[in-house]
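Hi,

Here is the structure I promised to pass on. Have a look at it first, then read my notes below.

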Amino acid sequence: MRLSRLLLTPQDVDAPERVRRLRRLGLGERAEPEFDAFADRLAGLAEVPYAMVTFVQEHRQYFAGLHQPDDRPLTAPADPDGESGEPARHLGREYGFCPHVVVRRKALVLEDVRDYSRFAGNPLVDEAGVRSYLGAPLMDGTGIALGTVCALDVRPRPWGRAGLDTIKSLAAELAERITVRERGDAERA
């Protein structure tokens, strides 16, 4: 066991209910153009190379919306898609930052992730070069944190209050879109 590996995945008591809710909503199993467009928009607003709409399940995170540079796709050892040449769409729950946001149900601002020992040994930091993170939970109408919207950069970033307000606003906007989509599906059924 490597002692430098301090990845402390938070206990997620809501995971079973979240997974049931994601299945009912049909989310977290496939890429969706609407979410990719949302991630593209977020990357542009935040001026970052990586942005995601992430749904957090019991054992993995799924990037239903993904913006990343063609020449620097995110990969990690737990990513089974890493060898396929396709964009990495999922990652083990033990990696990254989004599971922390979902469990906390609060936005997370990491101006330099290397300043936080809990993320030491994280392949996104050590191998992909991620240095800063900004994420907010996607809270649905039932009070479940379905996942996150997040922005990542390869350099430390002083996100500031403006960054925090932006990510929270975008998360609320996307959560509302998901609610409207669910209502529309229920009316058609």
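Leaving aside its neighbours within four places in sequence, which residues is Val-53 in contact with? They are Phe-35, Phe-38, Tyr-62, Phe-63, Ala-64, Gly-65, Leu-138, Thr-148, Val-149 and Leu-174, where contact means heavy atoms within 4.5 Å.

Before going on, a word on the source: this is a predicted model, so local features need pLDDT of at least 70 and side-chain atom pairs count only at pLDDT 80 or more, while totals for chains, interfaces and linings use all residues. Residues are numbered from 1 along each chain as its sequence is written, and side-chain values use heavy atoms, leaving out hydrogens and water.

Val-53 is also among the residues with the most contacts inside the largest nonpolar core, which has 31 residues. (Such a core is a set of buried Ala, Val, Leu, Ile, Met, Phe, Trp, Tyr and Cys residues joined through side-chain atoms within 4.5 Å; buried means under 20% relative accessible area, with a 1.4 Å probe and protein chains only.) Helix H5 (160–188) is one of the elements that give two or more residues to this core, and its seven are the largest share. Helices (H or I, at least four residues) and strands (E, at least two) are DSSP runs, numbered from the N terminus.

Now find strand E5 (residues 132–139): seven of its eight residues are buried, so the rest of the structure largely encloses it.

Cheers

Note on methods:
Buried < 20%, exposed > 50% of the residue type's maximum accessible area, 1.4 Å probe, protein only.
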